[in-house]
Amino acid sequence: MALMVVKFDLKKRVKLAQTVWFMYWFAVMAGVLVFSMGLFFKIELRKRSELMDNNESHFLPNLLIFMGLITCSINAFGGKVCYDSLDPNKFAKWKPLLKNFLAFCIGFNALLLVTAFLCFVMRIPLQFTLAEGLRNGMRYYKDTDTPGRCYMKRTLDLMQIEFRCCGNDNYRDWFEIQWVSNRYLDFSSKEVKDRIGSNVDGQYLMDGVPFSCCNPSSPRPCIQYQMTNNSAHYSYDHYTEDLNVWKRGCRDALLSYYGGMMNTIGALVVLVTMLEVAVTIGLQYVNSSLSTLANPEDPESESEGWILEKTVKETFTDIMAKMKAMGKGSKVEEGGEAAVATVS
């Protein structure tokens, strides 16, 4: 027994085809939206590619771009089929292709759902990518004369200003690295010599942060040097004073930004998947209703449409039987080839 049988006359079939045709072209626009969101996400990642530890973070936007293009293509084809279904002569040329096309659409809908799932879970690897990338970026902050790293200072400063953040986890991360280039240090100064000699790596470490960490909303002039030295500043206690630098780490800020973007795109892809399922069901009804005309010579005769020709259980059993038959067929062919090779 067929699943979800609906009776159709000519008027209902025409209305169904027109509705599904409209839905297909709406789905084409949804595909354009998925493509655009993937492209926008890729551009946003490229803006800060120096702060990404690897190129794997571009897998998701590339997948979204690909899925958007495929969505546009298959929905444009489906819309054309629905349009031609109003003319039996035009529809005849598409009929042999529809079974395979509908099977492809089912697989594509599953892939869309996987894409949406990836949008929600890729936040986890992105967190580690940002942590390592920011750590390396901060280490190269001072290398303004080194080819390939000369723009790192500018990138980090603009990022900290834009996202109102400081350091990787917090502002104290800057205390653990040398972020001032040697060319700007006076090595004849006792203070510089003492600071460099105070650690085994020979780095000029200090309790200070770059200017881009300063919070312009603070009423007090920015204290970015000797931040832990209370005696260096009037009426200041770094343990209790509300510091006038950003306290939020840039990893958390960037993760929140990209994570929110990925959640939005994931929700969009879920909606597109629901639309794709709807148009696939609609096309199946168009196909089955035209295949069961009581009198194929009379376009005005009644017909029946369905989602599945058999029940779900029977359909699943048939699919498994076909897969087993295909497996046995391939084994028989392999056995025949082996026998021929033995004889020769």
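**Figure 1. Helix H6 and the residue after it.** Arg164, which follows H6, has a positive phi near 55°. The model is predicted; local features need pLDDT of at least 70, side-chain atom pairs count only at pLDDT 80 or more, and totals for chains, interfaces and linings use all residues. Residues are numbered from 1 along each chain as its sequence is written, and side-chain values use heavy atoms, without hydrogens and water. H6 (residues 152–163) has 12 residues and reaches 16 Å from first to last C-alpha, close to the 16 Å expected at 1.5 Å a residue (1.5 Å times one less than the number of residues). Helices are DSSP runs of H or I with at least four residues, numbered from the N terminus.

**Figure 2. Buried residues of H6.** Met152, Thr155, Leu156, Asp157, Met159, Gln160 and Phe163 are buried in H6 (under 20% relative accessible area, 1.4 Å probe, protein chains only). Their cover includes helix H5 (123–139) and H8.

Figure 3. Tyr225 is in the loop between helix H7 (190–197) and H8. Tyr225 counts as partly exposed because its relative accessibility is 42% (partly exposed lies between the under 20% of buried and the over 50% of exposed). Leaving out residues up to four places away in sequence, Tyr225 touches Trp179, Met206, Asp207, Gly208 and His233, where contact means heavy atoms within 4.5 Å. Phe211 is 14 residues from Tyr225 along the chain, and their C-alpha atoms are separated by 9.6 Å.

Conventions: Helices (H or I, at least four residues) and strands (E, at least two) are DSSP runs, numbered from the N terminus.
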